[in-house]
Amino acid sequence: MRVYISADLEGITGVSKWEETHKGGHYYDLYREQMTREVVAACEGAIEAGADYIMVKDAHEDGKNLIHSMLPRGVKVISGWSNHPYCMVEGLDESFDAVIFIGYHSGASSNGSPLAHTLLPDVIKNVTINGEDADEFLIHAYAAYMLGVPIVAVSGDGDLMRSVRSFNPQIKTIAVQEGFGGAVVSIHPDLAIERIRKGVKKGLEALEEYTFEKPEEYELIIEFKKHADAYKFSFYPNVEQIGEYTIRYVSNNYMHLLVLLLFIN
């Protein structure tokens with residue numbers, strides 16, 4: 001069984017401030033280690049379920065956060081960025097049997113995390129796909145589905161977990177904290193480890209039961225924080241500017257949306 005894991009940091013247990021997610025920031029090293037521990041738990045759950053190949057994408061900021069030496073010896077890590085359109089799931093292909101998202105967070109339209117955002121927090125105000133608010137999970141979930149690979153487990157804040165269940169109730173969700181205003185209430189980091197390991201194992205054990213459907217067409221709407229950005233990206237082929245801050249792009253090929261997001265990101 002080949003398993004792919006994408007790991008972010010803003011949805012890791014206890015994270016509530018931007019400085020905790022940036023290199024050199026206060027407590028960054030603490031949460032970098034917790035991020036690694038939660039990925040280790042996902043790897044262990046996958047191995048217990050029968051995985052014999054695991055690829056992990058370090059998908060936060062510069063892609064150099066995970067402590068590779070803490071992971072099981074057989075696990076491979078993609079660090080840094082190749083600038084492939086798959087972005088946070090780069091390296092994923094049709095050969096994988098399942099995808100797992102660890103440490104993901106609520107999107108730009110949500111108040112479920114003090115760090116709620118979608119892609120570039122200083123540039124993008126909101127993203128929707130087919131009328132639904134699109135967080136980083138949804139953007140990359142459609143990429144996995146495009147390749148025909150099911151998503152079996154996701155961890156992060158509670159509001160994102162509710163969105164994931166709405167997207168596909170078959171996906172195992174592991175909420176490690178709830179955000180409110182500028183704060184979070186989180187479970188114990190060791191309990192998060194335990195729940196992630198068990199959730200991933202259960203998700204993979206139910207792999208044959210998973211089903212999903214791909215939309216026939218995708219409508220991507222991006223609202224920027226600066227009107228100049230909407231004007232700039234309105235010149236991308238087949239993009240239309242539908243408001244002072246907003247562009248729209250429609251395609252029946254999801255890869256086309258990913259390429260547009262790559263150029264914006």
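I take two strands as paired if DSSP finds at least two bridges between them, with strands (E, at least two residues) and helices (H or I, at least four) being DSSP runs numbered from the N terminus.

I am working on a predicted model, in which local features need pLDDT of at least 70 and side-chain atom pairs count only at pLDDT 80 or more, while totals for chains, interfaces and linings use all residues. Residues are numbered from 1 along each chain as its sequence is written, and side-chain values use heavy atoms, with hydrogens and water left out.

**Entry 1, strand β4.** I looked up the partners of β4 and found that β4 and β7 (residues 151-157) run parallel and are joined by 4 bridges, while β1 (residues 2-7) pairs with β4, also in the parallel sense, over 5 bridges. I then followed F101, which is the bridge partner of S6 and has V154 as its bridge partner in β7. For burial (buried is under 20% relative accessible area, exposed over 50%, partly exposed in between, with a 1.4 Å probe and protein chains only), I noted that 7 of the 7 residues of β4 (residues 98-104) are buried.

I found α2 (136-146) mostly covered, with 10 of its 11 residues buried, among them E136, H140 and Y145. At its N-terminal end I recorded D135 as a cap, a side-chain oxygen lying 3.1 Å from the backbone nitrogen of F137, and just after the helix I saw that G148 takes a positive phi of about 80°.

Grid points are joined across faces, edges and corners, and a volume is the space filled by probe spheres set on the points.

The largest pocket holds about 510 Å³, and of its 24 lining residues E61, W81, L119, L120 and N265 are the closest to its centre. I noted α2 and α6 (254-264) as the elements that give two or more residues to this lining.

The second largest pocket, of about 320 Å³, is lined by 17 residues, with E132, D133, D135, L138 and S163 nearest its centre.

Technical notes. 1 Å grid on protein atoms, 1.4 Å probe; cavity = no way out; pocket = protein on both sides within 12 Å on 5 of 7 lines; lining within 4 Å. Polar contact = N/O pair within 3.5 Å; in protein donor to acceptor, adjacent residues only side chain to side chain.
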